[in-house]
Structures are given as C-alpha cells and as structure tokens.
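Subject: A structure to look through

Hello,

Here is the structure I promised to pass on. Please open it alongside this message, and then read on for what turned up.

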Amino acid sequence: MNWNAHGAKILDMIRNSKPLVHHITNLVVMNDTANVTLHIGALPVMAHAVEEMEEMTSIAGALVINIGTLSKHWIEAMFKAGKTANDKGIPIILDPVGAGATSYRTETCHRLLEELSVSVIRGNLGEVSILAGLGGEVKGVESVSAGGDAVDVAKALAAKQNCTVSITGKEDVISDGTRTVLVDNGHEWLTTLTGTGCSSTTAVAAFSAVERIPVTAAACALMCYGLAAEIAAPQAKGPASFKVAFYDALYNLNAEQIEKGGRVREVS
C-alpha cells in the first residue's frame, strides 16, 4: 500500500463528508479534542447525558470513549452509547486513560472490552500492557513501565480482544494481531502539552469514520497527526507557540505534504 497517498485520500474524504465524531471524553481535553476534530475536517460533539446517548450516537460516524475523568453516570453513558454504536455498525475508539493507575479505571476498561465490540484501542504502552495482562505500571495517566516492547504488547492485546491496538510513543505501533504497522511521524513537543494523546485518539476516530479498515485508519491518522507536529515544530518557542502552530499545521495539512513527509511501514 502507498500509505502516504492513501492517508491524503482519507483526509480529503473527511473534509468532504464532515462526519460527526461523538466523544464521551474527559474534562481536561474536551476543548482541545473538539478543535483537533474540526481542524482535521470532521465535526465534534461532546455529549455525556445518558438520556441522549442513543439518539446522538446513532447519527455519528465514530464514537470515542475516553475514561480520563470517570464517574458513575458517565460510565452508564459509555455503555449505552457503545451498545448503540455496535447495533448501528459505528466504530468505537477506546482511550484507556490511566488504566492500571487505579482498580476503578482498570476494571471499567475490562468491562467495556468485555461488553462492547471496540474497533481501535489507542493508548500508551503501560496502559495497553496492563490491559493485555502483561503487567506494567501507570502513574496517574503516564506510562512508567510495561511487560514487553510495543510491538509484542500491541499484538497481544489485539489478539486477546480481536480488535486493532494503537500504542503511541516515539514510534507509533498499530496492530490487529496479524498486520502490524509502524508510524515514525511526530515530534517531542507533543509531550509538553496535556491531551495530545487524547487528541490522537480523536484523529483515529475521524479517520475511522470514513475508512473502515481499522489498521489503515489508525496508521494514516497517526501519520497525519504526527506530520502536522513536525511541520509546526520549527515555529515553536515553547509549548504555547507550538500548540498554535500545531493547530494551524493540522488545519492546513495537504496531500503534497503528506505524500512527501509521511513515514509508515508495515512489518512482519
């Protein structure tokens, strides 16, 4: 596959069709993930009321479930939205923020994965390793250690849950247990801002709304997201100026830049 050309094609499809991405996400990142959704070309909605879950989810192109700021009524909303998404064939992108940090988060993730059919899990290495049953440590929402390297961990959880797993880091790893893809786009400035991991989940959701092969959607999304960070980085004097430049780069990202700058490879 020509990953760069296909990524540019998917981005164009998003901008032409403007799919709705329904987020049940955390309080820290709502504004940022809404903006990233818009800058990619999709439409965001942050809806959490149980009473409107079925109606809102049914008109979405993708559903993001992000456990960053859990509460009882939000968990109820996650299950109701997730079951509607499964019934309608709408892809679910799960962000297991802080899984492993507390039993409440870890148990909620396991319940979600048991009761819902998830298309893509997007997390850091520690979170994914813990969900795969390989051990590891998460402190707050940050990965401290894991029970293996990212490729092995991604493959293990993908096989266990029969879904696609995306581990973001210095090099992003995407696997469905059979196919494994590495994305080398990105920049260290992303680590200076809160919510850039959650925003990458949003990118995966927007791409999943129009590209229904999860490995392809996730890899192309992370390629474009990381490339925008690379384009923005030379303009940054600190985290704040990087954020502005990153949003502009994502909004203005075009096919020529993607075909020239994307770095994606499939491995055995």
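Which residues are linked in a network of salt bridges? They are Lys83, Arg111 and Glu115.

Before the details, a word on where the values come from. This is a predicted model, so local features need pLDDT of at least 70 and side-chain atom pairs count only at pLDDT 80 or more, while totals for chains, interfaces and linings use all residues. Residues are numbered from 1 along each chain as its sequence is written, and side-chain values use heavy atoms, with hydrogens and water left out.

Salt bridges

A salt bridge here is a side-chain nitrogen of Lys or Arg within 4 Å of a carboxyl oxygen of Asp or Glu. By this rule the count comes to eight. Helices (H or I, at least four residues) and strands (E, at least two) are DSSP runs, numbered from the N terminus.

Glutamate 115 also forms a salt bridge with arginine 111, the closest N and O atoms being 3.7 Å apart. These two are four residues apart in helix H5, so about one helical turn separates them. As a reminder, an α-helix has 3.6 residues a turn, so residues three or four places apart point the same way.

Lysine 83 is partly exposed at 41%, glutamate 115 is partly exposed at 39%, and arginine 111 is partly exposed at 37%.

Another salt bridge joins aspartate 95 to arginine 122, with the closest N and O atoms 2.9 Å apart. Aspartate 95 lies in strand S4 (residues 92–95) and arginine 122 in strand S5 (residues 120–123), so the pair ties together parts that are 27 residues apart in sequence. Both aspartate 95 and arginine 122 are buried.

Aromatic residues

Rings of Phe, Tyr and Trp (its six-membered ring) pair if their centres lie within 6.5 Å; planes under 30 degrees apart count as stacked, over 60 as edge-to-face and the rest as tilted. A search of the whole structure finds four such pairs. One of them is edge-to-face: tyrosine 225 and phenylalanine 246, at 5.1 Å centre to centre and 85 degrees between the planes. That pair links distant parts of the chain, with tyrosine 225 in helix H9 (residues 214–232) and phenylalanine 246 in helix H10 (residues 239–252), 21 residues apart. Tyrosine 225 counts as buried at 5% relative accessibility, and phenylalanine 246 counts as buried at 3%.

Phenylalanine 246 also pairs with tyrosine 247: their ring centres are 6.3 Å apart and their planes at 45 degrees, so the pair is tilted. Tyrosine 247 is buried too, at 14% relative accessibility. Trp189, Tyr225, Phe242, Phe246 and Tyr247 form one aromatic cluster.

Helix H2

Is helix H2 enclosed or open? Eight of the eleven residues of H2 (residues 30–40) are buried, so the helix is largely enclosed by the rest of the structure. Among the buried residues are Met30, Asp32, Val36 and His39. H2 is followed by glycine 41, whose phi is positive, near 125 degrees.

Positive phi in other residues

Most residues other than glycine have a negative phi. Lysine 18, however, has a positive phi near 50 degrees. Lysine 18 is in the loop between helix H1 (3–17) and strand S1 (20–24), and is partly exposed, with a relative accessible area of 46%. Asparagine 162 likewise has a positive phi, of about 55 degrees. Its place is in the loop between helix H7 (150–161) and strand S8 (164–167), and asparagine 162 counts as exposed at 69% relative accessibility.

I hope this helps you find your way around.

Best wishes

Notes
Buried < 20%, exposed > 50% of the residue type's maximum accessible area, 1.4 Å probe, protein only.
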